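Here is a friendly first tour for anyone opening this structure without having seen it before. Take a look, then read on.

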Amino acid sequence: MIEFSQVTVTYDGASAPVLRGVDLVVGEGELCLVAGRTGVGKSTFLGAINGLVPHFTGGTLAGRVLVDGLDTATHPPRELASVVGVVGQDPLAGFVTDTVEEELAYAMEQLAVAPDVMRKRVEETLDLLGIAELRDRPLRTLSGGQQQRVAIGSVLTAHPRVLVLDEPTSALDPTAAEEVLAAITRLVHDLGTTVVVAEHRMERVAQYADLLLYLPGDGSVRSGPPAEVFADADVAPPIVELGRFAGWSPLPLSVRDARRRAGPLRERLSSVTRPPAAGVPPEEDVLTARGVQVRYGGVVAVRGVDLRLGRGEVVALMGRNGSGKSSLLWALQGSGPPSGGTVDVLGADPAAVRPRVARSRVGLVPQTPSDLLYLDSVAAECRQADTESGAAVGTAGALLDRLVPGVSPDANPRDLSEGQRLALVLAVQLTAAPPVVLLDEPTRGLDYPAKRHFASVLASLASSGVAVLLATHDVEFVAVVAHRVVVLAEGEVVADGPTADVVVSSPAFAPQVAKVLAPQEWLTVAEVEQALK
Amino acid sequence: MLPGNARALHPGAWWVWALALAVAAGRTTNPLLLALVIAVAGFVVVNRRGDAPWALAFRGYALVAGVIVVSRVLFRILIGGEDGGHVLFTLPTIPLPAAAAGIELLGPTSAEELLGGFYDGLRLATIVLCVGAANALANPKRLLKAVPGALAEVSTAVTVALSVAPQLVESVQRVRRARRLRAARGRGLSFVKGVFVPVLADALDRSLLLAAAMDSRGYGRRGYLTPRVRVLIAACVLAGLFGVAVGVYGVLDGSSSWLGVPMLVAGLVVASAGFVLGGRRIQRSTYRPDPWRLPETLVVLCGVASAGLLLACPPAQLVTSVSPPSWPTLPLLPALAVLIAVLPAWLAPRPRPVAEVAR
């Protein structure tokens, strides 16, 4: 269905090609997962499938890409719209119209599909994706999972043979991600659509994949059955790492496969005791919040939340999209909209003091860290941070160097990788030496090695006495870093306890290792490795 | 109109109505007639606009209209000079170098000047308000659907702008909130940099993403055209639109004969040729198109009748004398003509409230 022969892509002004001599074939009705670290050319690869590379992005493409027999060199993206459907990372950014129904019809209008056929296909697609009750809703009012499903529907109505999805579940909570994945697998199995997915959170998709395309970073693409290609890939979901550690062959990809193999491992583990949870009760609270309320107009986002953070504690704030996590973080920092309740950070309420003081009490890294950056070089941002916080010259630079060594001071912050940019903003906020740091969805866009590094950064921050609160959907990351987990629902705290107690019992929030080794309470591969050493 | 029949009127009908009203306003300097036009436009907007974001645009247009009137009057005071009217007050004259002889800054200001500036400004403001009324009443995106295929590239740009603009407001709010996190207090240049750099970068990214999404969903799809045909189409469309613009100016101006109707007709013919030539290659269809029913025809007829009647009125009734200043009177026939345009407030169906749609 998709055929790359000797494809090399070079962007103008780049010293090396992004893709080099790629040869591969994706068959009809395959679900194909594209894996690799950030910046190895996954987006370029996806763009090449429907001709956005090079028709829209520029650059040169040597070799040949055939999709359903059509050559992308002679068929620009708009001519391929009836063959390839593309859904971008942020569905909202790709919406052209205002309501669900109009959005579903948009592609068909461009393809000049007859009106009666359009009516029929819109109804079918609404049912296929389970979004019939949303048909008249304005797109902006939908939740993340609903938007993602509408975006998929909006390309499906053109009846494409190939569906290309870039990070379809990264921004979603575990339950919404399942809804989207269920829709995707249904397309593959019921309609025989060929699906190509790039996804950093491979633990969510790997088990459904028929084919893995792995980009090691040198411009090549390795393709094969996931269990084989994962054997030595530098990005792999926890379940594969557990399989590698235990020496299972072929590697398991789903919890079911792993559990069937894990009998002997569980037996070995039952004789060793689990290392004591890292979350030793901290002796001192640095942040105490009582009855925090946030309301926007008539909508109450956070209702009466009590929360305390201890010195050197890493706490994860979880809950579905729209459960009030971000609102709570902003309220704790004192920059949110008017709210009720009290926040006490070492004797002061951050909302009651001037921003400069609030900043030295609580540092917040928002969901889009780049909002804080506006200068044209990393060095300038660091200097600005030093002046803002009244810190010694070079403080921010030194912090950045500790978080991620080797960021060029002359680089433009917008050119950094996601991980580096996150570290830069974190360094800027840490320059004021706040005892409490709040992070909103920090692992979005980070690959596994970057996440591992970021986890070690958080651990060292905590050991230096900083209290960290992170709002996230990433259960695997929580399993690695968090001492304690707080679950929010409808703006209220529904669970608050040590990580193992909260996540192991929850079907949505349990990490893969916990699911495989249940009823024993192991959370990460590293824990298991250490115990058996 | 029963609530069950609530629907959006065809955007084209609202535009024809509003433009007709604007043409009518362009022919008169009588402040009472202009006020009547503003009242009519405002009344219809208040009665028939929905609660979608673009419907709130009318307030912005009202603001622009106010600025226009005030600045017209201020300019008359600034570069009025002496014209022998009834001097109201005299400001010290600012001497200008010899190169700008004949222009006098400040100096005596006469009642005639102020009135003339006010009437002029009011006329322009009324035209702006008429356009604002169309914008508030018609969904701009649905109007774009009716744009001829040959203008595909232009309407891509407009669609992107329309979608990104509201997101821009959102990202300004987000960035301003984020700035407090850095305790940035800066005013002036550093404030501009701190807010605009992230917002503009964000807007650019979003525009590119949207354009890519539209491209991959088949927007502007057409067979292959040779470069020569493409140039021909572009030349036809541009020359035609230029002709239309000049022709409209001629018709509105009313003083030069050859610029008017002949130019307008010629422009329309050339532009349509371009549209037909370019649009033939683009094939699109419309999902649940806005129907054109009786209310649409009635709304258009109201607008056209109003403008036609006003144009047919003797010009003496439409002009209020500035020199000597006289109290404006409200002539009967033109007033009735303008009042015809208020009928759409009842003739057009009520739009569906978004709240109902959201449920």
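What follows goes from the ground rules to each chain and then to the place where the two chains touch.

## Ground rules

This is a predicted model, where local features need pLDDT of at least 70 and side-chain atom pairs count only at pLDDT 80 or more, while totals for chains, interfaces and linings use all residues. Residues are numbered from 1 along each chain as its sequence is written, and chains are lettered from A and ligands numbered from 1 in the order in which they are written.

## Chain A as a whole

Let's start with chain A, which has 22 helices and 19 strands. Helices (H or I, at least four residues) and strands (E, at least two) are DSSP runs, numbered from the N terminus. Along its principal axes, the C-alpha atoms of chain A fill a box of roughly 70 × 55 × 50 Å. The radius of gyration of chain A is 24 Å, which agrees with the value near 24 Å for a compact globule of 533 residues; this radius is taken over C-alpha atoms, and the globule rule is 2.2 Å times the number of residues to the power 0.38.

How much of chain A counts as buried? The share is 56% of its 533 residues, where buried means that 20 or more other C-beta atoms, placed from the backbone, lie within 10 Å of a residue's own. Contacts (C-beta atoms, placed from the backbone, within 7 Å) tell a story about sequence distance too. Among those in chain A between residues at least 6 apart in sequence, 69% join residues at least 24 apart.

Strand β17(A), residues 467-471, has five of its five residues buried. On one side sit A:Ala467, A:Leu469 and A:Ala471, and on the other A:Val468 and A:Leu470, so to speak a strand with both faces covered. Two strands pair if DSSP finds at least two bridges between them. Strand β13(A), residues 314-318, runs parallel to β17(A) with four bridges, and β16(A), residues 436-440, also runs parallel to it with five. A:Ala471 is the bridge partner of A:Leu317 and of A:Asp440.

β16(A), helix α18(A) (residues 448-463) and β17(A) make a right-handed β-α-β unit: with the strands pointing away from the viewer, the path from the first strand over the helix to the second runs clockwise. Elsewhere, helix α1(A), residues 42-50, has nine of its nine residues buried, A:Phe45 and A:Leu46 among them. After α1(A) comes A:Gly51, with a positive phi near 85°.

Chain B has 14 helices and two strands. Buried residues make up 35% of its 359 residues. Of the contacts in chain B between residues at least 6 apart in sequence, 80% join residues at least 24 apart.

## Where the chains touch

How many residues of chain B are in contact with chain A? There are 38, and they touch 49 residues of chain A. α7(B) gives the largest share of chain B's side, 13 residues. By class, that side has 18 nonpolar, nine polar and 11 charged residues. Here Ala, Val, Leu, Ile, Met, Phe, Trp, Tyr, Cys and Pro count as nonpolar, Asp, Glu, Lys and Arg as charged, and the others, Gly among them, as polar.

Methods. Buried ≥ 20, exposed ≤ 12 C-beta atoms within 10 Å, placed from the backbone. Contact = placed C-beta atoms within 7 Å.
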